[in-house]
Amino acid sequence: MVSLIRAELHKLLGLPTARIGLLLGTLLSPLVVLVNAPAVRRAGLAGADLGLVELGVGLIGPMILGVVIVSSEFTSTGDDAPRARQLTATLIAVPHRMRLLTAKTAALVLVVGVQAIVAAAATIGLTQVMHGDRVQVPAFGRIAAAALYWVLLALLAYAITLITRNGIVPLTLLIVNSTVVSVSYLLTKVTSAAAYLPDIVGAQMFLQGSDFPVRIAPVTAGLVMTAWIAAFLAVGAVLFHRRDA
Amino acid sequence: MITVERVNKIKGKTPILYDVSFVARPGRVTGFLGPNGAGKTSTLRILLGLDRPQSGVALVCGRPYSGIDRPLTTVGALLDGSGAHRARSARAHLRWVAASNGLPGSRVDEVLEIVGLAGEARKRAGRFSLGMSRRLGLAAALLGDPEVLVLDEPVNGLDPAGIRWMRDFLRERAARGHTVLLSSHLMGELAETADDVVVIAKGRIVTQGVLADVVGDHRTLEDAFFALTEGGGPW
């Protein structure tokens, strides 16, 4: 299994798109802290979530990584053979599909886990540097929960791509939902049940002051989001196992 | 040894393989011959566990492909294209393939040398010509120095020198006792390379046996092929 995970790490980190995801995810949040610092100071904002909210911007990184680790298997390898895909080489090398998926999942969790820790440390650290004593360092548990949120969101992107077998749909859906118009957030205005949608409920693991329609305890929020991801992963895995490559 | 037994496959609602059965033996080059769309690639994909048949079994060395641990050390396979993501260099592609089967990184440069791509190791697969892609695909197939080779249209896109090289290479492999199964729609080429021939048309095996027996009284393999497939049989 170690060699399979190593191969998946080689594959993922060798992709230019994945490197973009790594860079954006790691650098965007600290950058936002820097750029926003004067405005935050003027407004006298020193909420309990300062630093953790900015981490949300970097989520584009885990989303790209989660999508591209699967979608790269399904893109055509060349104009000469439009039906040829990397997946053929992958399954010839590792025909046991569940072992392959386990290795892929482990590689993604590793990369996004490290990325989340680096990004969180940089963002929280920079927040302290910029705002000093006026903000408290969030409790370790909340930072860890934010990192877990990154990993779970990457796994959500990964599972959706396993189902769609194409990167464009999930990437568009997830990026639009997390940046331009958050459909899941708007839904919370219509029904409070939307507070249990995976991206909304997950944020309650580490954010305190935001505008949530229903208050959910951090551990409960974590469990609900994990259950969502497990369900998506199960559907993705069953389809991947059953479908012709 | 490759054994395919009574394999049936339906794609969508269309049956594409009917009771396909044949064997490919060690020490021999077995040519899998048929026109485009006859079911050659579909059969090889089932043999390699990429697609699932509705019924029947396909075994390599007595086992289904998906049950072989570190399969590249037993079977080398070449299907459509190189299998390399177009943004990856030839070496980067082979490195992950080698890593997945616990093969040493040094093997990557060896196979690049064998297929004549050592000078192109850092070039991106997306910039490869058709012939170079085939060579890269073959390099991946050779990584584990396997005793069985399964090659789908291996000479497609190769220049005359490449075709000659491939022919010698496959003959030499068979001479070492390896099992070589290659599909082709090029009858002249296959007649030059194969010891045994399996002929498929419209999803059914029409005949199989030693090349000379399949050709029989016909002048060439091509004549035999058309006589066999245009006889107004069940297809």
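## Ground rules

In this predicted model, local features need pLDDT of at least 70 and side-chain atom pairs count only at pLDDT 80 or more, while totals for chains, interfaces and linings use all residues. Residues are numbered from 1 along each chain as its sequence is written, chains are lettered from A and ligands numbered from 1 in the order in which they are written, and side-chain values use heavy atoms, with hydrogens and water left out.

## Where the chains meet

Together the chains bury about 2,800 Å². Of this, 53% is on carbon and sulfur atoms. Buried area is the accessible area (1.4 Å probe) that two parts lose on being put together, summed over both.

Two salt bridges are counted between chain A and chain B. A salt bridge puts a side-chain nitrogen of Lys or Arg within 4 Å of a carboxyl oxygen of Asp or Glu. One salt bridge joins Arg99(A) and Asp69(B), at 3.7 Å from N to O.

## Pockets

Pockets and cavities are found on a 1 Å grid over the protein atoms alone. A pocket is an open set of points with protein on both sides within 12 Å along at least five of seven lines. A cavity is a set of points where a 1.4 Å probe fits but cannot get out. Lining residues have an atom within 4 Å of a point. Points are joined across faces, edges and corners, and a volume is the space filled by probe spheres set on them.

The largest pocket has a volume of about 920 Å³. It has 39 lining residues. Closest to its centre are Tyr149(A), Asn177(A), Ser178(A), Ser182(A) and Asp199(A). H6(A) supplies the largest share, six residues. The lining divides into 29 nonpolar, seven polar and three charged residues.

The second largest pocket has a volume of about 740 Å³. Of its 32 lining residues, Arg83(A), Thr41(B), Arg45(B), Asp80(B) and Asp152(B) lie nearest the centre. H1(B) gives the largest share, four residues. The classes here are nine nonpolar, nine polar and 14 charged.

## Cavities

How many cavities of 30 Å³ or more are there? The count is six. The largest cavity holds about 160 Å³ of space. Ala89(A), Ile92(A), Ala77(B), Ser82(B) and Ala140(B) lie nearest its centre, among 17 lining residues. H4(A) supplies the largest share, four residues. Ten lining residues are nonpolar, six polar and one charged.

The second largest cavity holds about 60 Å³. Its lining includes Phe74(A), Leu87(A), Arg97(A) and Asp244(A). H4 and H10 of chain A each give two or more residues. The lining has seven nonpolar, no polar and four charged residues.

Key
Nonpolar A, V, L, I, M, F, W, Y, C, P; charged D, E, K, R; others polar.
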